[in-house]
Amino acid sequence: MTEKFIVGIGGTTRGGSSTELLVRAVLDACARQGAKVEMFGAKELVALPFYAPENEERSDAQRHFIDSVRRADGLVIGSPGYHAGISALVKNAIDLMQDTMTDKRVYLDGCPVGLVVSAAGWQATGTTLSSLRDIVCSLRGWPTPVGVTMNSLQQKPFDADGKLIDDALSTMIESQAKQLMGFGYA
Ligand SMILES: Cc1cc2nc3c(=O)[nH]c(=O)nc-3n(C[C@H](O)[C@H](O)[C@H](O)COP(=O)(O)O)c2cc1C
């Protein structure tokens, strides 16, 4: 079987971003299941210029990002819940996927997408996850049945080194990774 390539996108500029740590945790689980992985965290996302539909020029960072998305067998997209929805930093990267509109694989057609949200309340985890699912469907991607959410006011799932130490979240992350890795689309 050929090695799967899974791309992670997400995080906030805050040091130790829980969103970014969750996305990385899903990628780590995919890697344990045999995938090659690449992460676009806040550092990489900040380097993407603001998406402008009339501008066809692409920076190296934009070209690299789109090339990875094009090659991906699966994606993990993580966002904080900002005002009950996804953050501008993450949405800017998603907007750039418009470049794949005329590809042989249009947008994320046939591509499984694991979704991850961190918010300071359960209501925003739900609304943001739902919003991410709608966005992925509009890009013809397949949101995995398992979405991963955490409430950063109530949960402290990482140790000081950013290692996941929460059993319930670990189970959800392993399940999502299994769904990403096992996805088949004829
Ligand atoms: C601009 C902004 C808006 C936010 N809006 C909400 C919100 O509507 N609901 C909520 O529960 N948390 C909200 N939060 C809190 C973040 O979702 C929360 O701190 C999240 O865990 C941040 O993830 P991080 O650890 O990756 O930075 C907001 C935070 C910021 C900075």
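## Ground rules

Residues are numbered from 1 along each chain as its sequence is written, and side-chain values use heavy atoms, with hydrogens and water left out. In this predicted model, local features need pLDDT of at least 70 and side-chain atom pairs count only at pLDDT 80 or more, while totals for chains, interfaces and linings use all residues.

Over residues 6–147 the chain is 41% helix and 19% strand. Helices (H or I, at least four residues) and strands (E, at least two) are DSSP runs, numbered from the N terminus. The end C-alpha atoms of this stretch are 16 Å apart.

## Two nonpolar cores

In soluble globular proteins, nonpolar side chains tend to be buried together. A nonpolar core here is a set of buried Ala, Val, Leu, Ile, Met, Phe, Trp, Tyr and Cys residues joined through side-chain atoms within 4.5 Å. Buried means under 20% relative accessible area, exposed over 50%, and partly exposed in between (1.4 Å probe, protein chains only).

The largest core has 31 residues. Ile-9, Phe-65, Leu-75, Ile-77, Ile-94, Met-97 and Leu-108 touch the most other members. Elements giving two or more residues to this core include strand E1 (5–10), helix H3 (60–71) and strand E3 (74–80). Another core, of 22 residues, lies apart from it; Ile-6, Leu-22, Val-148 and Ala-177 are among its members.

Leu-108 is in contact (heavy atoms within 4.5 Å) with residues including Val-69, Leu-75 and Met-97, not counting residues up to four places away in sequence.

## Helix H1

Among the buried residues of H1 are Ser-18, Leu-22, Val-26 and Cys-30. Just after H1, Gly-34 takes a positive phi of about 105°.

Ser-118 is found in strand E4. It counts as buried because its relative accessibility is 5%. A polar contact of 2.8 Å joins the side chains of Ser-118 and Ser-18. Such a contact is a pair of N or O atoms within 3.5 Å; within protein, one must be able to donate a hydrogen and the other to accept it, and residues adjacent in sequence count only if both atoms are side-chain atoms. Ser-118 also touches Thr-19, Gly-81 and Ser-152, among others.

Around the ligand are 16 residues (a heavy atom within 4 Å). Ser-17, Ser-18, Thr-19, Gly-81 and Ser-152 come nearest. A backbone N or O atom of Gly-81 lies 2.6 Å from a ligand oxygen atom. For a polar backbone atom of Ala-84, the distance to a ligand oxygen atom is 3.0 Å. For one of Ala-120, it is 3.1 Å.

Thr-125 lies in helix H5. It is buried, with a relative accessible area of 4%. Its side chain reaches the backbone oxygen of Trp-122 at 2.6 Å.

Gln-179 is found in helix H6 (residues 167–182). It is partly exposed, at 26%. Its side chain reaches the backbone nitrogen of Val-146 at 3.0 Å. Gln-179 and Pro-112 are 67 residues apart in sequence, yet 8.2 Å apart in space, C-alpha to C-alpha.
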